Amino acid sequence: MKDNVCINFAKSILEIVFVQFPHLCLYKGMLDFFVSEEVDTIGIFPSGKMILNEKWFSSLSVEDAKFIVMHEIMHLAFLTHKRCKEESDKELVNFAHDLVINYMLCEEFNFDYPPASGVYIGDVFEDYKKLDISLENIFLLLKERQIDPKKNINNGSTLFHALK
């Protein structure tokens, strides 16, 4: 029964996102929410299936939940799942895109940091304001600087491993 409360909260957040960002309505028909304890936070499959940790997602404020749902939709919009060339790079590609998407959304929503312990580009790259902040560039810099996403994430914010 509690699953329904969480899913209804997620759907209400999605409606707020669509009102504020109508161009994202393109994804409306493909998005669906499921609750699972198998993920620590949230993740999205290429199909639009969004998987939520009920306890974690239900604890978010409306503003934080809006940011996070937008973040997941941006993974679809930017084709994160399709832009990885090598299977072994999937986690790093997802991490790079998490950094790029969170940077963009922090700018858009005027957040100093992504909510719910999301990864922040300034915590990974001290010189981020001088960088070309694109998936490809951030991915290459992560590889060059040998940055391991497992050592640079907070509280399971990179979920690609759960979404294989």
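1. How many helices and strands does the protein have? In this predicted model, the protein has six helices and three strands, and along the sequence these follow the pattern α-β-β-β-α-α-α-α-α. The radius of gyration is 15 Å, close to the 15 Å that the globule rule gives for 164 residues, so the protein is as compact as a globular protein of that length.

2. Taken along the principal axes, the C-alpha atoms fill a box of roughly 45 × 30 × 30 Å, and buried residues account for 50% of the 164 residues. Of the contacts with a separation of 6 or more, 59% join residues 24 or more positions apart.

3. The accessible surface comes to about 8,800 Å², with 50% of that area belonging to carbon and sulfur atoms. There are 17 positive and 25 negative side chains, and the centres of these two sets lie 3 Å apart.

4. Helix H3 (residues 62-77) has 16 residues, which at 1.5 Å a residue should span 22 Å, and the 22 Å between its end C-alpha atoms agrees with this. Because 12 of the 16 residues of H3 are buried, the helix is largely enclosed by the rest of the structure; among the buried residues are Phe-67, Val-69, Met-70 and Leu-76. Just after H3, Leu-79 takes a positive phi of about 55°.

5. Ile-68 has its place in helix H3, and its relative accessibility of 8% is why Ile-68 counts as buried, the cut-off being under 20%. Leaving aside neighbours within four places in sequence, Ile-68 is in contact with Ile-42, Trp-56, Leu-60, Pro-115 and Ala-116. Val-93, 25 residues from Ile-68 in sequence, is 18 Å from Ile-68 in space, C-alpha to C-alpha.

Methods:
Residues numbered from 1 in each chain as written. Predicted model: local features only at pLDDT ≥ 70, side-chain atom pairs only at ≥ 80, totals over all residues. Heavy atoms only, no water. Helix = DSSP H or I, 4+ residues; strand = E, 2+ residues; numbered from the N terminus. Expected span 1.5 Å × (residues − 1). Buried < 20%, exposed > 50% of the residue type's maximum accessible area, 1.4 Å probe, protein only. Contact = heavy atoms within 4.5 Å. Rg over C-alpha atoms; globule rule 2.2 N^0.38 Å. Areas by Shrake-Rupley, 256 points an atom, 1.4 Å probe, with all protein chains shown as cover. Lys, Arg positive; Asp, Glu negative; His and termini not counted. Charge placed at Lys NZ, Arg CZ, Asp CG, Glu CD.
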